[in-house]
Structures are given as structure tokens and as C-alpha cells.
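Subject: Structure handover

Hello,

Here is the structure for you to look over. My notes follow below it.

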Amino acid sequence: MTDYHALEQSLKALLAGTPYPLAVLANGAAFLYEVLPDLNWAGFYLRETSPRGESLLALGPFQGKPACVEIPWGKGVCGTAAALDSPQLVPDVHAFPGHIACDAASASELVIPLHDGQGALYGVLDLDSPRPGRFTEADLAGISRLARVLEEALFSKGL
Ligand code: SME
């Protein structure tokens, strides 16, 4: 069992005093990829506006194989999490309608929305695993706590 309380403390310590959003996201992705077992991708997709004025998700800092640069709002697991503003725990990505396969090795996925200081959707945290059913409800709860630490580091006046 992953000790999410210990990871929360470690992540807070890592990000304390980091005022640069890109550095928070870069170290956040590196930390999650390092400490969580059985991942093949860990990183962020951030809300951007297309030249036509539509919201989309654009690739942010990550660890793993190079990935899709743009994800349309509402598409794939990440776009669904963003559009519904709701975490997506997907035990079998091949059974998810419209799943976007950036790495053919991915079998299961957990996506958690991130919000800015006003509560607006800022982006999503995306974790992929080569193991089917890698993420449990306990992982969702624990990783949601880590996502809150990232939001605080990004949008509060420091941890
Ligand atoms: N599988 C994701 C796309 C992002 S990559 O896995 C890094 C999705 O369906 O949204």
C-alpha cells in the first residue's frame, strides 16, 4: 500500500519555496513518476485557448514518452476529465470510448482535474500505467491529495 500521507509531506517539502509554476509542474511530474510504482507516464495537460477561441488541453511538463501535444476538450480520458471537471479512474483504457493512445503500452489511467485560485479548471494531472487496473479508489483519494498540494504550490502564496 502506498503511504500517501508520507508522499504528501514529501511533495510539500519538495515544492516549498518554489514560486515558478513551470518548476512546480516539472518537479511534480518527476516526483510522481519516481515515487508511484508501475507508471509509464506522469504529467500535466494545461487549459489553453485555440486561435479559434476554443478551450483545449496542451501538453505540459511530464515524464515518459513524448506525447500528444493537443487534446480536444471532451475527448479522450484527459479531455473528459476537463470537460466534466471530474476525476476519471479508468481500469482498462481500451474500453474507454475515444481513449487517445499516446503510448501503446498504457493499459490503465487516472486523470485528476486541477483548479486555479478562483476554482476555474487549470488543467489535469494524467497518470498512465502499463498494468491493467493499476489505480484503485484508494489511489484516487491519495493522488487527489497530492493534486491539492500541487494546486496550493501553484496558486497560494507558497507552501
Ligand atoms: N490517454 C490520454 C492521452 C494522454 S497520454 O496518455 C499521455 C487520454 O486519453 O486522454
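Start with the helix pairs. Helix 1 passes helix 2 in a right-handed crossing (right-handed if the near helix is turned clockwise from the far one by less than a right angle, left-handed if anticlockwise). Helices here are DSSP runs of H or I with at least four residues, and strands are E runs of at least two, numbered from the N terminus.

Two notes on the source. This is a predicted model: local features need pLDDT of at least 70, side-chain atom pairs count only at pLDDT 80 or more, and totals for chains, interfaces and linings use all residues. Residues are numbered from 1 along each chain as its sequence is written, and side-chain values use heavy atoms, with hydrogens and water left out.

**Helix 1 on helix 2**

Helix 1 covers residues 4-15 and packs against helix 2 at an angle of about 150°. Their axes are 10 Å apart. Axes are lines fitted to C-alpha atoms, for helices over the stretch in contact, and angles run from 0 to 180 degrees between N-to-C directions. The two helices are therefore roughly antiparallel (over 145 degrees; under 35 is roughly parallel, 65 to 115 roughly perpendicular, the rest oblique).

Helix 1 brings Leu-7, Ser-10, Leu-11, Leu-14 and Leu-15 to the contact. Helix 2 answers with Val-24, Asn-27, Phe-31 and Val-35. Contact means heavy atoms within 4.5 Å. By class, this contact has seven nonpolar, two polar and no charged residues. Ala, Val, Leu, Ile, Met, Phe, Trp, Tyr, Cys and Pro count as nonpolar, Asp, Glu, Lys and Arg as charged, and the others, Gly among them, as polar.

**Helix 2 on helix 4**

Helix 2 (residues 21-35) also packs with helix 4 (residues 137-155). The angle is about 160°, and the axes are 9 Å apart. This pair, too, is therefore roughly antiparallel. Helix 2 passes helix 4 in a right-handed crossing.

From helix 2, the contact takes in Pro-21, Val-24, Leu-25, Gly-28 and Leu-32. From helix 4 come Leu-146, Leu-150, Ala-153 and Leu-154. The classes are eight nonpolar, one polar and no charged residues.

Look at Leu-154 in helix 4. Its relative accessibility is 13%, so Leu-154 counts as buried (under 20% relative accessible area; exposed is over 50%, partly exposed in between, with a 1.4 Å probe and protein chains only). Leu-154 touches Pro-21, Val-24, Leu-25 and Tyr-122, leaving aside residues up to four places away in sequence.

**Salt bridges**

The structure holds five salt bridges (a side-chain nitrogen of Lys or Arg within 4 Å of a carboxyl oxygen of Asp or Glu).

Arg-131 pairs with Asp-38, at 2.8 Å from N to O. The pair links distant parts of the chain, 93 residues apart. Arg-131 sits in the loop between strand 6 (121-129) and helix 4. Asp-38 sits in the loop between helix 2 and strand 1 (41-49). Arg-131 is partly exposed, at 39% relative accessible area. Asp-38 is also partly exposed, at 39%.

Asp-139 and Arg-134 meet at 3.4 Å, N to O. Both Asp-139 and Arg-134 are buried.

Glu-54 bridges to Arg-52, with the closest N and O atoms 3.7 Å apart. Glu-54 is partly exposed at 41%. Arg-52 is exposed at 71%.

Best wishes
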